[in-house]
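Subject: Structure handover

Hello,

Here is the structure I promised you. Have a look at it first, then read my notes below.

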Amino acid sequence: SIPLSFFGGIGGASKSGILVKGSNYLEALAKTEIIVFDKTGTLTKGVFNVQEIHPEGLSKEELLELTAYAESFSNHPISHSLKRAFGKEIDNERISNIQEIAGHGVSALIDDQEVMAGNFRLMEKNNISYFKGEVAGTVVHVAVNRNYAGYILIADEIKADAAQAISQLKNLNIKHAFMLTGDTQSVGIKVAKDLGLDKVYAELLPGEKVEKLEEIFSQKSEGGKIVYVGDGINDAPVLARADIGIAMGGLGSDAAIEAADIVIMNDEPSKIATAIKISKKTLKIAR
Ligand code: ADP
Ligand code: MG
């Protein structure tokens, strides 16, 4: 049977905006040894602002327009941000042959031009040579009819409570705090350093995130638990694979909320330490 204190614990968590789907998850949380975070939408806001536009062979306006059109059907935080930066209504009649390749980007026919927008991997896959310089932010490369058309530099912001969230976890004796991201090494390393994370695994394809989590399992002790925190865009399988999957409920996708064991309603990463504290207190009362 479930000790009465667990009902109190789950109730207390829900008052703090933390939805716990079962007493077993509340119990397991107290044994957390390793926490693995997704980056975009989890530790960062998932709202990218356009920093620079570098067109090749067309105007800045044209590059932004073609990109926003190619992105118009995607649900990725990057595509929402580019549509917002374009700021004008999109004429769906001009768009056909839409494709989204997870961890790469998108492609579509805009009028009669084939437009691709995404990361270095999308360019390499299509044998398109692209700008390879070091920049501070996330690069969206664009190709029109398989010719490089330049790039748009975008940047996301770290959430206000993210650094505090990591230091609170360290005070709770969590052994390791790691980050997984599909973004580049340079962006990943910068965020990890700013937040005091122990390690970052970057440039991961969605499927590789699950493999990486499985590797990380070997770093925990027998009874220890691994928590994964994500927003569900391309990481629902990782949420499901962890001992305890925690999803961001506000920005997160329905798939994430479905796959998760615990949902943080207001998307604040500092709620994870709150949840662990509630778990530890609940276990003490139950004993
Ligand atoms: P993460 O949430 O860790 O950034 P994703 O797998 O969602 O991981 O995305 C990985 C990378 O793939 C992004 O950083 C971006 O470079 C590229 N990408 C994914 N979707 C899009 C998109 N719709 N438009 C442009 N780039 C994209
Ligand atoms: Mg993500």
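How many residues of domain 1 are in contact with how many residues of domain 2? Ten residues of domain 1 touch seven of domain 2. Contact here means that the C-beta atoms of two residues, placed from the backbone, lie within 7 Å. The touching side of domain 1 divides into four nonpolar residues, five polar and one charged. Nonpolar means Ala, Val, Leu, Ile, Met, Phe, Trp, Tyr, Cys or Pro; charged means Asp, Glu, Lys or Arg; the others, Gly among them, are polar.

First, some ground rules. This is a predicted model: local features need pLDDT of at least 70, side-chain atom pairs count only at pLDDT 80 or more, and totals for chains, interfaces and linings use all residues. Residues are numbered from 1 along each chain as its sequence is written, while chains are lettered from A and ligands numbered from 1 in the order in which they are written.

Now the domains. Domain 1 covers 4-45 + 158-286, and domain 2 covers 49-155. These bounds come from an automatic or database domain assignment. The domain centres, taken over C-alpha atoms, are 31 Å apart.

Next, the whole protein. It has eleven helices and 13 strands. Both are DSSP runs, numbered from the N terminus: helices are H or I with at least four residues, strands are E with at least two. The C-alpha trace spans about 70 × 35 × 30 Å along its principal axes. Of the 287 residues, 45% count as buried. Buried means 20 or more other C-beta atoms within 10 Å of the residue's own; exposed means 12 or fewer; partly exposed is in between; C-beta atoms are placed from the backbone.

Then ligand 1. Its shell holds 23 residues, and the closest are Thr40, His76, Asn119, Thr181 and Gly182. A residue joins the shell if its C-beta atom, placed from the backbone, lies within 6 Å. Helix H4 (77-86) and strands E5 (105-110), E6 (113-118) and E7 (138-144) each give two or more residues. By class, the shell has six nonpolar, 13 polar and four charged residues.

Gly87 follows H4, with a positive phi near 75 degrees.

Last, Ala247 sits in strand E12 (residues 244-248). Why does Ala247 count as buried? Because it has 31 C-beta neighbours inside 10 Å.

Best wishes
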